[in-house]
Amino acid sequence: MVNEFCGKTALVTGASSGFGYAICARLLKEGYRVIAAARRTDRLEPLQREYGAMVFVAELDVRVAESVLQLHDSLPEAFCAIDVLVNNAGLALGLEPAFKADFNDWQTMIDTNVTGLARVTHCFLPDMVKRGRGLVINMGSIAGTYPYPGGNVYGATKAFVAQFSLNLRADLAGTGVRVTDIQPGLCGGTEFSSVRFHGDTDRAASLYAGVDAITSEDIAETVSWIAGLPPHFNVNAIEIMPTAQSFSPLHVSRKA
Ligand code: NDP
Ligand code: 8X3
């Protein structure tokens, strides 16, 4: 069922899978107009079918400057005034230690999680400032705070997201534009780990075996809560883990 327009428009990157898709579905259910952006736009057809004119499906590669500008310049009038930008597109590639990692994987993570996120923000932020309102939700990760073996560049890109979000808040003081960094831990049911393991779905599945992980719907719930808060209320950062996930002791290497 298509709800009445709630008056707000959201742009969600990485909408074709996992968190992004669930966030789009949740916001559409709440009456938002949603720009659902990703490279694999065929994945977004079910949303288009269900929500019709409330959803604008857009092909977007956040790594490519022209792709981001083209999206900005081609938005239909009804979708131009973006209230909520969800910078969700991102990925991890590889879990090897730094000295065995493939540099192309590092480059792709930096291009997507750092440059892509910065590029989309740079493109859409001035309109929000001009309108005196808006909310940028960046998808960070606990990997940006807590190191783990093999997290090397992925964790570093998410540390960028955390600090970029805080620095945006400093620049946006007095503009009415809000910024939040969501930092999830282990979340199942998305393509994240099969992408990380280059299509090894068995290895990906083994990570979640016997664990009640966070779900995409939990993340969509978080986005919905943050986006529904009154204008005077800014969540700077929110860290979320499944109850089943916690901390290990620091590693100590001992002499033989
Ligand atoms: P998925 O792999 O299921 O989804 C990733 C999305 O990002 C896809 O829709 C993909 O779309 C999109 N994407 C990737 N590269 C690009 C690109 N160059 N341009 C545009 N879109 C792109 O993973 P999740 O839903 O799990 O992850 C979403 C976000 O959450 C990521 O930023 C991830 O780092 C973060 N995260 C995930 C956690 C987890 O455990 N799952 C935990 C913490 C954070 P397409 O390929 O069609 O372009
Ligand atoms: C994804 C969470 O712990 O796999 O960002 O790095 S983790």
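1. Ligand 2 is surrounded by Ser-141, Ala-143, Tyr-148, Tyr-154, Phe-192 and Arg-196; a residue counts as near if one of its heavy atoms lies within 4 Å. This is a predicted model: local features need pLDDT of at least 70, side-chain atom pairs need pLDDT 80 or more, and totals for chains, interfaces and linings use all residues. Residues are numbered from 1 along each chain as its sequence is written, chains are lettered from A and ligands numbered from 1 in the order written, and side-chain values use heavy atoms, without hydrogens and water.

2. Polar contacts here are pairs of N or O atoms within 3.5 Å. Taken alone, ligand 2 exposes 240 Å², and the protein buries 84% of that (Shrake-Rupley areas, 1.4 Å probe).

3. The shell of ligand 2 divides into 4 nonpolar, 1 polar and 1 charged residue. Tyr counts as nonpolar in this scheme, along with Ala, Val, Leu, Ile, Met, Phe, Trp, Cys and Pro; Asp, Glu, Lys and Arg are charged, and the others, Gly among them, polar.

4. Ligand 1 has 28 residues around it; Ser-16, Ser-17, Arg-39, Tyr-154 and Thr-190 come nearest. The shell holds 11 nonpolar, 11 polar and 6 charged residues.

5. The side chain of Tyr-154 places an N or O atom 2.7 Å from an oxygen of ligand 1. Backbone polar atoms also take part: Val-62 is 3.0 Å from a ligand 1 nitrogen, and Phe-192 is 3.5 Å from a ligand 1 oxygen. Of the 880 Å² that ligand 1 exposes alone, the protein buries 96%.

Definitions and conventions. A polar contact is a pair of N or O atoms within 3.5 Å; within protein, one must be able to donate a hydrogen and the other to accept it, and residues adjacent in sequence count only if both atoms are side-chain atoms.
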